[in-house]
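Dear colleague,

I am handing over the structure below, together with some notes for a reader who has not seen it before. Please have it open while you read.

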Amino acid sequence: MFGIFMESFVMLKLYTGLKLLLLLSFLSWGYLLIKEREKRVRILLVYVPVIILGLFLFPVSRKLFVAAGLDGETYYRILWTIPMGIIACYGACCFFAQHRRIGLVVSAGLIILCGSYVYKGQYISKAENPYHIPGTVVKICDLIGSGNSGIRVKAVMPPGLIHFVRQYDATIDMPYGREMMVGRWDYYNAVYEVMEKPEVVPVEELLAATREEYCQYIIMEEGRQTDIDPEAGGLVLVDTIGGYRVYQDPVTVEAVSQWQKYYGDEE
């Protein structure tokens with residue numbers, strides 16, 4: 001039981017980071033515990049979060065969660081039901097309302113000090129277009145996508161692009177997604193294993209994996225080294241966009257075309 005409790009505590013630590021924003025939420029919760037008089041607000045923002053947290057850390061809760069057929073790795077999602085942001089903001093507003101001068105200074109100071117510059121995030125950048133995703137992704141998707149035809153296309157993308165592709169064009173499928181970026185999830189995908197070889201990408205091995213997944217396009221970073229020239233291996237360089245080479249695999253394109261033709265006839 002203690003081991004299950006510690007696993008849940010580690011999930012809580014990873015979820016919150018145990019950093020200043022958590023402290024801000026805790027201070028706001030403490031202020032509401034003392035000052036809030038409205039019953040409904042006390043129940044939702046003071047009592048319920050404590051109950052949820054207690055149940056989350058209670059080992060039997062996790063056992064029941066898994067026994068119900070749910071994935072134990074997603075147990076942390078129970079923490080999503082704790083309105084930490086609402087608690088922090090509402091508590092700060094109540095403090096400001098009761099102490100206009102010092103409340104403004106303290107609340108603003110805590111929010112600034114506890115936060116971080118958003119553009120420091122690995123996958124956050126200043127907007128380049130109305131879609132709020134990198135312009136390179138838009139150009140690549142426009143090149144390989146099927147437009148308004150609705151025909152699905154499958155492509156292999158480097159890790160730096162996969163977070164954005166489906167946000168722009170849902171008709172572009174990929175053999176793997178962001179789950180491959182999280183080591184503790186321990187996912188395996190044959191295409192990803194070849195694409196992310198530490199030094200040199202073996203082209204023939206890559207093609208064997210991508211053709212198994214019916215990938216018509218392979219997008220690689222310009223600086224990515226391969227054991228042989230991808231074009232010598234049978235790929236066609238369609239274009240180079242924003243530091244990425246866009247290759248088409250004629251073998252897979254033909255195979256998919258024949259399958260779509262056959263499938264269409266069956267329809």
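What follows describes a strand pairing, some aromatic pairs and some salt bridges.

Please keep in mind that this is a predicted model, in which local features need pLDDT of at least 70 and side-chain atom pairs count only at pLDDT 80 or more, while totals for chains, interfaces and linings use all residues. Residues are numbered from 1 along each chain as its sequence is written, and side-chain values use heavy atoms, with hydrogens and water left out.

To begin with the strands, β6 (residues 236-241) and β7 (residues 244-248) pair in the antiparallel sense over five bridges; two strands pair if DSSP finds at least two bridges between them, and helices (H or I, at least four residues) and strands (E, at least two) are DSSP runs numbered from the N terminus. β6 and β7 form a hairpin with two residues between them, and Gly-242 in the turn has a positive phi of about 55°. Within this pairing, Thr-240 stands opposite Arg-245 in β7.

Turning to the rings, a search of the whole structure finds eight aromatic pairs, where rings of Phe, Tyr and Trp (its six-membered ring) pair if their centres lie within 6.5 Å, and planes under 30 degrees apart count as stacked, over 60 as edge-to-face and the rest as tilted. One of them joins Tyr-31 and Phe-95, whose ring centres are 5.4 Å apart with planes at 90°, so the pair is edge-to-face. This pair links distant parts of the chain, since Tyr-31 belongs to helix α2 (residues 20-35) and Phe-95 to helix α5 (residues 84-98), 64 residues apart. Tyr-31 is buried at 14% relative accessible area, whereas Phe-95 is partly exposed at 22%; buried means under 20%, exposed over 50%, and partly exposed in between (1.4 Å probe, protein chains only). Ring pairs also link Phe-56, Phe-65 and Tyr-75 into a cluster.

As for charged side chains, the count comes to six salt bridges, each being a side-chain nitrogen of Lys or Arg within 4 Å of a carboxyl oxygen of Asp or Glu. Among them, Arg-62 and Glu-7 meet at 2.6 Å, N to O; Arg-62 lies in helix α4 (residues 59-67) and Glu-7 in helix α1 (residues 2-16), so the pair ties together parts that are 55 residues apart in sequence. Arg-62 is buried at 11%, while Glu-7 is partly exposed at 43%. Arg-152, Arg-166 and Asp-173 are linked in a network of salt bridges.
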